[in-house]
Amino acid sequence: GGMTSISQDRAPGYEAVVDLARYPIHQPGRAPYLALVRSCQDQLRDRGVAQLEGFLTHGAVSTMLDLTADLMARAWTSDQTHTVYFRPPDESAGPGDPRALLQRSAKKAIAYDLIPADAPIRRLYESDDLTAFIAAVLGKPILYRSADPLDALEIAVFSDGDELGWHFDNSEFSVTMMYAESEAGGDFDYYPWLRDEHDENYPEVRRVLLGEPDGVIRTPSSPGTLAVFRGQHALHRVTPVSGPRPRVNSVLTYGERPGMKLNELTQKLFYGRTVP
């Protein structure tokens, strides 16, 4: 019948969510799977980000957008200032020092516990196939999904005036799924390998924060694109959105230890409540 393409396997729980012909994440160990992992690793090495265009089917993307519209009334709005290091500004640092310069981040977040069990992104996130695939791409022996009831999987909405200020991630990598790009603004900018364990490279960070674009890569991301990104050493941002159409994506959270959760303060900041 209509399942011939994957007849030799059980149909995964996220069937019709992922374009499995292009991205056979349900067939680990086979040649096309290994080639896909290798191509992602090449992208990560060359550009600091791997993008899989058309990973999500059109149907899954439009289902997610309908769902987001239904859930918007329950989204939590956060608007905060922070340094690129997510630490309080260093008063002892001179003016123009990256440790003193404030950025702004404002968005709406729909928490994991509000996303229905049968939602396409939830069926995909909760599959061991995707978790194993992301681990393979990152060269990790194993990854675990976050245990946070709010933050493990979120839908992020950036409407008119929202943005993510320049920052380095606290975690080594992040995984996102794009559903809709904004009409104007909402661009993902990043500067791969700007710092490392041995050198914070403050002069170059300062240069970027003061608006010099050299080294910054602007990456378009079409609806349905899965991205794996190394954000700990890459400075990155989402530029302010303008216009009536919001930028909508999901952030999928993984870690190398089981049982990871946010602290209550961070839960409250991003989701407006705490859930143990």
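This is a predicted model: local features need pLDDT of at least 70, side-chain atom pairs count only at pLDDT 80 or more; totals for chains, interfaces and linings use all residues.

Reply: Residues are numbered from 1 along each chain as its sequence is written, and side-chain values use heavy atoms, with hydrogens and water left out.

Me: In what order do the 4 strands of the open sheet stand?

Reply: Helices (H or I, at least four residues) and strands (E, at least two) are DSSP runs, numbered from the N terminus. Two strands pair if DSSP finds at least two bridges between them. Here the order is S6-S11-S8-S9, with antiparallel pairing. Strands S6 (164-167) and S9 (217-219) are at the edges with a single partner strand each, so one side of each has no neighbour in the sheet.

Me: How many bridges join S8 and S11?

Reply: S8 (residues 188-191) and S11 (residues 235-238) pair over 4 bridges. Within this structure, Tyr-190 has His-236 in S11 as its bridge partner.

Me: At what angle do the axes of H1 and H4 cross?

Reply: Axes are lines fitted to C-alpha atoms, for helices over the stretch in contact, and angles run from 0 to 180 degrees between N-to-C directions. H1 (residues 31-47) and H4 (residues 128-138) cross at roughly 50°, their axes coming within 8 Å. H1 is therefore oblique to H4 (under 35 degrees is roughly parallel, over 145 roughly antiparallel, 65 to 115 roughly perpendicular, the rest oblique).

Me: Which residues of H1 and H4 make the contact?

Reply: Contact means heavy atoms within 4.5 Å. Among the residues involved are Tyr-33, Leu-36 and Gln-41 of H1, and Ala-132 and Phe-133 of H4.
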